[in-house]
Amino acid sequence: MAQPWAKRFYKSAAWQKCRRSYIAKVFGLCEHCSAAGRTRPGYIVDHIIELTPENINNPDITLNHENLQYLCLECHNRKTFRKIGPTRDGLRFDENGNLVKVE
């Protein structure tokens with residue numbers, strides 16, 4: 001789901017046009033799966049350089065086909081959530097698999 005500061009951009013005619021043209025360019029297929037020799041339909045046009053409040057108005061980031069990739073849901077979630085670790089700061093798993101505070 002889009003961040004509140006990005007909702008206006010994702011509803012814009014410019015983004016909708018860019019998104020449609022990009023999907024057509026990659027024939028509607030997930031680019032990560034295609035690179036791995038699989039054929040899966042794409043699901044999400046993803047920004048390689050993630051959008052931030054600082055770059056949301058920069059068309060070189062937001063509307064540039066070079067900064068886009070079309071991904072299936074599985075590839076998108078793998079890319080998006082791999083940067084989130086399995087625990088919160090100050091916690092870790094011990095040798096027995098128990099969640100413990102880092103001291």
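Student: Which residues form one aromatic cluster in this structure?

Tutor: The cluster is made of Phe9, Tyr10 and Trp15, and please keep in mind throughout that we are looking at a predicted model.

Student: How is a pair of aromatic rings described?

Tutor: In general, one gives the distance of the centres and the angle of the planes. In this structure there are three aromatic pairs. One of them joins Phe9 and Trp15, with 5.3 Å from centre to centre and 45° between the planes, and this pair is tilted. In the pair of Tyr10 and Trp15 the centres are 5.5 Å apart and the planes stand at 80°, so this pair is edge-to-face.

Student: What does Trp15 touch, if residues up to four places away in sequence are not counted?

Tutor: Trp15 then touches Phe9, Tyr10, Val45, His47, Thr62, Leu63 and Leu68.

Student: Where do nonpolar side chains tend to be found in soluble globular proteins?

Tutor: They tend to be buried together. In this model the largest nonpolar core has 13 residues, and those with the most contacts inside it are Trp15, Tyr22, Val45, Leu68 and Tyr70. Helix H2, residues 13–25, and strand E2, residues 68–71, each supply at least two residues of this core, and H2 gives the most, with four residues. Apart from this core lies another one, of five residues, which includes Cys30, Cys33, Cys72 and Cys75.

Student: How should I read the buried residues of a helix, and which are they in H5?

Tutor: The general idea is that an α-helix has 3.6 residues a turn, so residues three or four places apart point the same way. In helix H5, which runs over residues 73–81, the buried residues are Cys75, His76, Lys79 and Thr80. Seen down the axis of H5, these residues fall within an arc of 125°, so they line one face of the helix. Their cover includes helix H3 (31–35), strand E1 (44–47) and strand E2.

Student: Where is Val26 found, and is it buried or exposed?

Tutor: Val26 is in the loop between H2 and H3, and at 14% relative accessibility Val26 counts as buried. Leaving aside neighbours within four places in sequence, Val26 is in contact with Glu31 and Tyr70. Val26 and Tyr70 are 44 residues apart along the chain, yet their C-alpha atoms are separated by 7.5 Å.

Student: What pattern does the protein chain follow when it is read along the sequence?

Tutor: The pattern is α-α-α-β-α-β-α-β-β, which comes to five helices and four strands. Of the contacts with a separation of 6 or more, 56% are between residues 24 or more positions apart.

Terms used. Residues are numbered from 1 along each chain as its sequence is written. This is a predicted model: local features need pLDDT of at least 70, side-chain atom pairs count only at pLDDT 80 or more; totals for chains, interfaces and linings use all residues. Side-chain values use heavy atoms; hydrogens and water are left out. A nonpolar core is a set of buried Ala, Val, Leu, Ile, Met, Phe, Trp, Tyr and Cys residues joined through side-chain atoms within 4.5 Å. Buried means under 20% relative accessible area, exposed over 50%, partly exposed in between (1.4 Å probe, protein chains only). Contact means heavy atoms within 4.5 Å. Rings of Phe, Tyr and Trp (its six-membered ring) pair if their centres lie within 6.5 Å; planes under 30 degrees apart count as stacked, over 60 as edge-to-face and the rest as tilted. The arc is that of the directions from the helix axis to the C-beta atoms.
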